[in-house]
Amino acid sequence: MNGAGLRRFGLGLIPWIGAILLWYAVRWSGFVNVSLIPAPHQVAAKFFELLTKEGLLIDIFASTRRVFLGVALGILVAVPVGFLLGWYRPARTFADPMINFFRALPPIALIPLVIVYFGVDELAKLVILFYASFFSGVIVMYEGVSQITPLYIRVAQTLGANQAEIFRKVIIPLTVPHILTALRVALGVAWATLVASELIAAQRGLGAMIQNASTYFLLDVIYVGIICIGLIALIMDLILRKITARLLVWQDRAIA
Amino acid sequence: MTKRAQFDKVSLSFDTQKGRLNVVEDVSYDINDGDFIAVIGPSGCGKTTMMSMLAGFQKPTTGNVLFDGRPVAGPGPERGVIFQEYGVFPWLTVKQNIAFGLTLNANHVPTAERDAISDHYLGLMGLSDFANSYPKHLSGGMRQRLAIARAYAVKPQFLLMDEPFGALDAQTRSNMQNLLLKVLETEGKTVMLITHSVEEAIYLASRIVVVTARPARIKEIIDVPFAYPRDESIQERSEFAELRSHIRQLVMDEYRAQQAQMRPVSFSE
Ligand SMILES: Nc1ncnc2c1ncn2[C@@H]1O[C@H](COP(=O)(O)OP(=O)(O)OP(=O)(O)O)[C@@H](O)[C@H]1O
Ligand SMILES: [Mg+2]
């Protein structure tokens with residue numbers, strides 16, 4: 001790491017240190033019952049205990065896999081659907097209210113129905129995550145695609161491009177940024193929906209772990225679960241951002 | 001002389017929220033093979049709209065726009081267009097932008113030749129140092145030159161140029177003008193050029209179409225009495241100066257007409 005990178009890393013660390021200090025401060029302030037807030041070091045200890053003795057990695061893996069599959073399937077469908085809706089204005093006027101209707105429904109509210117139709121197994125959890133990813137992704141896609149200016153297509157036409165060439169050489173490059181944004185948004189939403197999806201009789205998974213802990217009032221475990229979800233979501237987003245930056249070097253961005 | 005393109009009693013109006021907007025009205029003129037037509041008129045009068053009918057992006061409301069005797073049905077590579085907004089592809093490097101047309105099936109350029117052709121136009125436009133840069137790193141004038149290079153590279157027989165040198169400094173602009181004259185000499189193209197510069201119109205064109213404030217009607221069509229090949233010395237000739245003051249007067253009249261039209265709108269609110 002070079003000097004500038006090290007400095008950025010250091011700067012990025014400051015708010016985290018601040019958050020931990022604040023956490024201690026709230027405990028020591030006496031405003032809140034100390035037994036209701038496990039200290040950061042206690043949570044860290046719990047983390048290692050769960051990691052070594054209770055198979056925390058299995059939970060992490062189970063949840064990550066669910067999110068991954070849900071997002072992958074959701075985006076796989078959202079990209080073509082969002083593209084068509086963005087490209088054909090009549091399709092959009094037609095489908096827009098419906099998409100907004102379904103998007104507004106909180107996944108938790110759908111759980112009873114999902115259980116009725118899809119049972120309580122892995123499939124049911126995937127359906128919830130798919131639902132959340134699809135509707136958040138499809139909107140990003142069609143908003144983005146509908147913003148594409150006809151200028152570049154016109155230029156290509158005057159240079160002699162046929163329909164297939166326009167699609168391959170103009171429309172796809174212009175769509176890639178929107179696919180990546182849709183992916184990022186869907187990933188965020190899917191992590192936010194994970195706990196809800198694991199309300200459905202999950203054995204393992206971070207959401208399941210949190211729920212079990214809440215039954216026994218194990219606050220430190222709940223904290224570990226929440227922090228794990230946040231951290232993994234953060235790491236995935238960072239990776240995706242790196243990939244985006246690599247793929248979209250051509251983009252003129254305010255932030256490098 | 002063969003007629004390449006014809007505007008035949010062409011009118012075009014747009015439906016807008018405020019009602020119908022007449023943009024082009026009863027325009028008729030022919031463009032013959034080898035002609036260099038310059039179109040000049042006040043901003044917003046309908047020049048780009050007129051050109052885009054010939055490019056194939058807009059259909060006349062009444063009348064006909066013909067290319068090679070047939071109504072224009074859509075865009076095609078035989079009519080190269082340099083857009084007012086440049087339209088350089090931001091996701092391609094400078095060199096890839098120039099090569100874009102060469103990679104299309106319609107142009108039948110063998111793979112082995114593409115590289116040399118793009119390098120040639122890179123050099124002509126003074127963009128060699130930026131071959132592998134993305135357009136976001138280019139200045140406005142460089143983008144404009146890139147758009148020109150990309151259009152020249154596929155060697156269209158008919159060039160539609162919408163204020164192609166507008167963003168260039170005086171020196172580069174005159175280089176580009178001379179380069180265009182040289183390209184025309186060797187490749188024998190037909191050109192329709194929109195410009196705001198009276199000097200540029202006279203220096204380059206064989207015929208100048210002066211259009212009125214919106215809706216664009218033909219105010220006057222002027223034959224430029226200088227033979228090709230031309231060089232800058234014609235700008236010293238007395239005919240040049242006379243023509244210039246005549247056209248300036250026409251353009252100025254239309255500019256005033258346009259201001260008079262706009263005033264009640266801009267000050268009443
Ligand atoms: N698609 C459209 N819908 C509605 N109005 C339009 C459309 N395209 C152009 N216009 C209007 O038509 C008029 C002429 O536009 P045009 O672009 O042809 O002008 P121009 O002569 O090229 O101007 P400039 O010299 O500034 O480039 C403008 O008032 C513009 O607002
Ligand atoms: Mg214009």
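Colleague: Which element gives the largest share of the shell around ligand 1?
Modeller: The largest share comes from α1(B), which contributes 3 residues; helices here are DSSP runs of H or I with at least four residues, strands are runs of E with at least two, and both are numbered from the N terminus. Please keep in mind that this is a predicted model, in which local features need pLDDT of at least 70 and side-chain atom pairs count only at pLDDT 80 or more, while totals for chains, interfaces and linings use all residues. Residues are numbered from 1 along each chain as its sequence is written, chains are lettered from A and ligands numbered from 1 in the order in which they are written, and side-chain values use heavy atoms, with hydrogens and water left out.

Colleague: How many residues surround ligand 1, and which are the closest?
Modeller: There are 15 residues around ligand 1, and the closest are B:Ser43, B:Lys47, B:Thr48, B:Thr49 and B:Gln84; a residue is near the ligand if one of its heavy atoms lies within 4 Å of it.

Colleague: What is 2.5 Å from an oxygen atom of ligand 1?
Modeller: That is an N or O atom in the side chain of B:Thr49, while for the side chain of B:Lys47 the distance from an N or O atom to a ligand oxygen is 2.7 Å. B:Glu163 also has a polar side-chain atom 3.3 Å from an oxygen of ligand 1.

Colleague: One last thing, is B:Thr172 buried or exposed?
Modeller: B:Thr172 counts as buried because its relative accessibility is 16%, and buried means under 20% relative accessible area, exposed over 50%, and partly exposed in between, with a 1.4 Å probe and protein chains only. B:Thr172 is in helix α5 (residues 170–187) of chain B, and its side chain makes a polar contact of 2.6 Å with that of B:Asp169. A polar contact is a pair of N or O atoms within 3.5 Å; within protein, one must be able to donate a hydrogen and the other to accept it, and residues adjacent in sequence count only if both atoms are side-chain atoms.
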